[in-house]
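Hi everyone, thanks for coming. Let me put the structure up on the screen, and then we'll walk through it together.

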Amino acid sequence: MTSVAERPDPMSDPVSRHTPPAARRDLGWIGIPLVAAVGLAAYWLLPDDLALLTRIAASALFVLSLDLVLGYGGIATLGQAAMFGTGAYAAGIVAVNWINDPFAMLAAGGIAGGGIALATGALILHARGLTLLMLTIAVGQIVQEVANKARDWTGGSDGLSGIDPAPVLGLFRFDMFGRTSYLFALAVLVAGLLVARRIMRSPFGLACRGVREDPLRISAIGGSPKSYLVALYAVAGVFAGVAGALTAVTSGIVGLDSAGFPWSAEALVMLVLGGTGRLYGAVIGTAAFMGIHHILAASDPFHWMGFIGLFLIGIVLFLPGGIASGLERLGGLLRRKEDRA
Amino acid sequence: MTKLLEVEGLAKNFGGLQVSADISMTLNAGDRCALIGPNGAGKTTFVNLVTGVIPPSAGTIRLAGRDITRLPAAERVRLGLIRSFQVARLFKSMTVREHLELAVLQRDRRTFRLFASVGKVAGLADEVAGLLDTMGLTQAAHTAVGSLAYGQQRLLEIALALAMKPKVLILDEPAAGVPHSESQRILDAIDRLPEDLAVLMIEHDMDLVFRFARTIVVLAQGRLLCSGTAKEIVADPRVREVYLGSRADAR
Ligand SMILES: Nc1ncnc2c1ncn2[C@@H]1O[C@H](COP(=O)(O)OP(=O)(O)OP(=O)(O)O)[C@@H](O)[C@H]1O
Ligand SMILES: [Mg+2]
């Protein structure tokens with residue numbers, strides 16, 4: 001006898017029945033506090049790996065921006081690093097030449113990333129599929145080339161160095177052990193997750209989900225799919241720009257590879273690994289990818305990419321929704337057991 | 001009487017195939033008009049032309065006196081020209097409630113609010129509850145459309161059109177796929193529409209047509225065959241031949 005109440009469907013959960021489905025999909029309220037808690041735990045447990053953890057946190061914010069574009073907007077892109085790189089350079093240039101307050105640097109990165117996304121998005125987002133993919137790659141190449149040519153500002157292929165951020169809030173210096181860097185990066189990531197979730201539950205987020213599923217139906221209720229896509233692309237550009245700025249703040253240098261095609265592609269791999277359209281899937285994917293990379297690259301520097309490849313194939317074949325979907329299924333199983341007990 | 005929708009000499013060719021030819025018709029405020037015709041007559045194509053989903057090969061379309069022939073679909077919607085789809089065309093992963101929320105927010109141009117919570121937009125919950133109630137969808141409010149019975153998807157399709165507060169409403173076979181018990185609900189909802197609205201309904205079910213329509217337009221092979229009151233149409237021998245006759249034969 002299977003009644004509706006026994007289906008492994010979140011509707012059967014009496015708490016979630018009254019919350020909108022977007023809330024159910026990101027594991028209710030657990031997802032973001034969990035990221036904060038695990039992040040803090042890692043701070044105590046892995047004090048020697050703070051540099052790696054800091055890179056993971058900043059990269060996760062970047063992958064989160066890709067999730068906004070791809071997971072919520074359905075925009076296929078291999079050029080998200082254009083916004084990351086622009087944000088990183090903007091923050092670095094501002095710090096070297098004018099002010100080195102870390103929040104001012106983040107703001108500069110966000111504005112630059114959002115601005116370039118708005119300008120290029122308006123130009124390329126009428127395209128779809130492969131054409132769009134090529135155009136996003138082209139934008140990334142152009143940004144990289146501009147950064148390469150503007151040596152006076154960016155340091156060209158040597159990279160932009162000498163970024164020395166002031167203490168956070170005038171209180172916390174960026175110490176040589178990277179403690180401040182990590183906690184700052186973690187805080188920015190958690191704040192980014194909260195803001196992203198807020199946006200995705202807003203009227204705008206609802207409309208973007210509609211555009212992803214059926215743009216023509218959106219026109220039939222009077223909306224313009226392209227303007228939603230451009231706006232979403234710009235919003236994600238702000239996130240990517242802030243992520244780039246965060247990397248500039250915490251690492252002190254910005255290189256040409258920050259706008260490069262490989263970085264865009266790697267972000268896509270991390271997102272697919274973690275699971276799209278969930279926000280925290282971006283964090284899980286980034287942590288998994290960079291964690292595995294770190295461990296394998298140390299023990300087997302020649303074959304680690306092969307292992308990552310196998311891992312990715314395994315995930316795509318057996319967990320098409322990424323690691324996050326696996327966790328959700330696990331969560332669903334546990335919840336049903338609790339219900340029965 | 002105010003002319004709301006005026007169509008003149010509308011034509012559409014797909015390659016060499018002429019699917020619509022020289023269609024002219026007018027809808028006035030308060031009209032309840034049925035568009036009938038055999039399968040493949042070009043009824044849906046006509047709706048697509050009028051609503052701007054496909055561009056016409058010739059002809060003009062005016063809405064409340066304004067030429068909208070070249071206007072994009074979304075702008076026609078904003079002017080109050082709303083259609084429903086013959087085959088339910090919905091957002092599979094969204095719930096019934098989310099569909100209506102989106103439609104109402106879009107209608108009021110409140111979709112570019114990035115930091116508001118959908119649940120807290122003033123007046124939204126009440127309006128959506130009213131729409132759900134009208135179409136008998138309250139029980140299904142939190143069900144994702146992908147797992148909704150087809151009849152209910154049809155009801156939602158109508159609810160979406162109603163949510164837009166149309167001036168001209170075009171319903172493409174609103175009762176197709178809806179169990180007979182539920183089609184009454186659709187008619188009830190249409191009955192309760194504001195009087196001054198112009199409604200054009202495409203429908204094969206003649207029971208529904210006669211209950212709904214004051215005037216009927218018959219389309220055959222992409223051309224207007226005739227139009228008139230329900231009585232005139234039933235009596236017209238040409239209509240019997242191309243449409244009613246062939247239907248009666250089929251039964
Ligand atoms: N995009 C298209 N390209 C080519 N032919 C088309 C296209 N769309 C429709 N047609 C043709 O135009 C004719 C009319 O189609 P349409 O869907 O408008 O008919 P209809 O009157 O709505 O029929 P039904 O009662 O079955 O819904 C059909 O012969 C169809 O094959
Ligand atoms: Mg049709």
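So, how many salt bridges does the rule count over all chains? The count is 13, where a salt bridge means a side-chain nitrogen of Lys or Arg within 4 Å of a carboxyl oxygen of Asp or Glu. As background, side chains of opposite charge can pair when their charged atoms come close.

Before going on, some housekeeping. This is a predicted model, in which local features need pLDDT of at least 70 and side-chain atom pairs count only at pLDDT 80 or more, while totals for chains, interfaces and linings use all residues. Residues are numbered from 1 along each chain as its sequence is written, chains are lettered from A and ligands numbered from 1 in the order in which they are written, and side-chain values use heavy atoms, with hydrogens and water left out.

How confident is the predictor? The model has an ipTM of 0.83 and a pTM of 0.85. On pLDDT, the predictor's confidence in each residue from 0 to 100, chain A has a mean of 84, with 89% of its residues at 70 or more. Chain B averages 86, and 96% of its residues score at least 70. Go carefully with residues 1-24 of chain A, where pLDDT stays under 50. In chain B, the element with the lowest mean pLDDT is helix 9 (residues 237-250), at 63, and the highest is helix 3, at 94. By helices I mean DSSP runs of H or I with at least four residues, and strands are runs of E with at least two, both numbered from the N terminus.

Now chain A. The unreviewed UniProt entry places transmembrane regions along it, including residues 105-125 and 304-327; those positions are in the numbering used here, feature names are shortened, and annotations may be inferred rather than shown by experiment. In the model, residues 105-125 of chain A are 95% helix and 0% strand, with the end C-alpha atoms 29 Å apart. For residues 304-327 of chain A it's 88% helix, again 0% strand, and 25 Å from end to end between C-alpha atoms.

One salt bridge in chain A joins A:K149 and A:E145, at 2.9 Å from N to O. Both residues lie in helix 6 (residues 129-149) of chain A, four residues apart, or about one turn of the helix.

On to where the chains meet. The contact, meaning heavy atoms within 4.5 Å, takes 32 residues from chain A and 32 residues from chain B. Three salt bridges are counted between chain B and chain A. A:R217 forms a salt bridge with B:E157, with the closest N and O atoms 2.8 Å apart. Which elements give two or more residues to chain B's side? They are helix 2 (73-78), helix 3 (96-107) and helix 5 (150-163) of chain B. Helix 3 of chain B brings the largest share, six residues. Chain B's side divides into 18 nonpolar residues, six polar and eight charged; here Ala, Val, Leu, Ile, Met, Phe, Trp, Tyr, Cys and Pro count as nonpolar, Asp, Glu, Lys and Arg as charged, and the others, Gly among them, as polar.
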